[in-house]
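The entries are in the order of looking.

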Amino acid sequence: MSSAARRIVRRRTGLWFGWFTDGPFAGDRAAGGASALAGISIDYYVRLERGKETRPSPAVLDSLARALHMDDQEHQHLRELAARAARYAPEPPPAPGRTVRPHLKLLLESLRPNPAYVISRSMDLLAWNPGGLALYAGLEDWPAKHRNLARYLFLHPAARDLFPDWDRQITGCVARLRAVAGTAPDAPDLTHLVGELLLKSPDFAGLWERYEVTGRKPAHKTFRHPQVGTVTLTSQSLHVEGTPGQRVGVYIAEPGTPDHDALLLLDMTAPRPAGRPTAAPRATGDPS
């Protein structure tokens with residue numbers, strides 16, 4: 001089993017077998033409890049934890065997930081980690097390209113005034129319509145290649161004021177990065193971002209060590225925007241087929257509501273790229 005998978009199992013063992021944590025044989029007792037509930041021998045369980053057994057069967061993984069009360073997302077993440085460990089190649093994969101297909105930029109334009117953008121698997125902002133960039137107050141001040149939603153949440157001074165539930169936002173952000181990193185931990189786009197945030201943000205470092213994973217779900221988000229006031233929007237993230245993890249993110253509000261009026265105002269007042277006419281701006285993106 002990979003080191004990442006072992007950390008998940010150990011974390012869950014500590015959570016669900018905490019009553020074994022007193023005394024000199026605490027670790028052995030916790031392992032014994034986990035192995036008993038999973039229906040496997042303690043020797044085999046210890047081999048899994050220590051990385052000496054790298055190819056556990058799907059049945060073993062399913063038993064461990066049930067014994068450790070993993071939810072569906074954690075269970076799937078454990079399976080993906082185990083599959084990756086079984087076929088591990090020493091050479092890290094190259095970073096995915098940042099090119100966004102022209103028709104996706106047209107799609108972003110057609111979604112106006114709803115803020116929309118294309119992001120990479122590591123949350124780099126690759127393309128956007130006017131509201132998609134302006135919604136994240138102050139993000140336009142950063143160079144295009146530096147614009148990343150995780151970096152924004154942890155390092156931009158405006159982020160804490162923009163999100164009333166900033167603590168919940170950063171927890172979900174780290175959990176999503178954990179899920180992605182679990183299947184490609186050596187990918188340079190992920191390692192560079194994680195390394196930077198570990199160095200610069202104690203909040204990120206603390207959450208990263210919790211090793212929680214989650215997927216993306218439609219949700220309502222509230223923004224306290226300095227230009228258009230407080231708005232609550234429905235968010236949706238859509239996977240782009242045939243790309244290395246690119247996703248389209250869009251925020252919507254019911255037409256005729258104050259929130260939708262705020263999106264109209266944001267779209268009209270958003271900064272435009274130099275040399276573009278104000279009356280008919282087009283979706284833009286990282287020129288690389």
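My entries follow, from the whole chain down to single side chains.

**Entry 1: the whole chain**

I note at the outset that this is a predicted model. I looked up the secondary structure and found 13 helices and 6 strands. Next came burial: 49% of the 288 residues count as buried.

**Entry 2: aromatic pairs**

How many aromatic pairs does the count come to? I got 10. One of them is Tyr117 with Tyr251, with 6.4 Å centre to centre and 55 degrees between the planes. That pair is tilted. I located both partners: Tyr117 is in strand β1 (residues 116-119) and Tyr251 is in strand β5 (residues 247-252). They are 134 residues apart, so I logged the pair as a link between distant parts of the chain. Tyr117 and Tyr251 are both buried.

I turned to Trp142 and Tyr152. Their ring centres are 6.4 Å apart and their planes stand at 70 degrees, so this pair is edge-to-face. The cut-off for that label is over 60 degrees. Trp142 is in the loop between α7 (130-134) and α8 (149-155), while Tyr152 is in helix α8. The two are 10 residues apart.

Why do both count as buried? The limit is under 20% relative accessible area. Trp142 counts as buried because its relative accessibility is 17%. Tyr152 has 0%, so it counts as buried as well.

**Entry 3: charges over rings**

I looked up arginines placed over rings. The charged end of Arg160 sits over the ring of Trp166, 3.7 Å from its centre. Arg178 lies over the face of Trp208, at 3.9 Å from the ring centre.

**Entry 4: helix α10**

I checked the length of helix α10, residues 166-183. At 1.5 Å a residue, its 18 residues should span 26 Å. The end C-alpha atoms are 27 Å apart, which agrees. Is α10 enclosed or open to the outside? I found 13 of its 18 residues buried, so α10 is largely enclosed by the rest of the structure.

Terms used:
Residues are numbered from 1 along each chain as its sequence is written. This is a predicted model: local features need pLDDT of at least 70, side-chain atom pairs count only at pLDDT 80 or more; totals for chains, interfaces and linings use all residues. Side-chain values use heavy atoms; hydrogens and water are left out. Helices (H or I, at least four residues) and strands (E, at least two) are DSSP runs, numbered from the N terminus. Buried means under 20% relative accessible area, exposed over 50%, partly exposed in between (1.4 Å probe, protein chains only). Rings of Phe, Tyr and Trp (its six-membered ring) pair if their centres lie within 6.5 Å; planes under 30 degrees apart count as stacked, over 60 as edge-to-face and the rest as tilted. A charge sits over a ring if NZ of Lys or CZ of Arg is within 6 Å of the ring centre and within 35 degrees of the ring normal. The expected span of a helix is 1.5 Å times one less than its number of residues.
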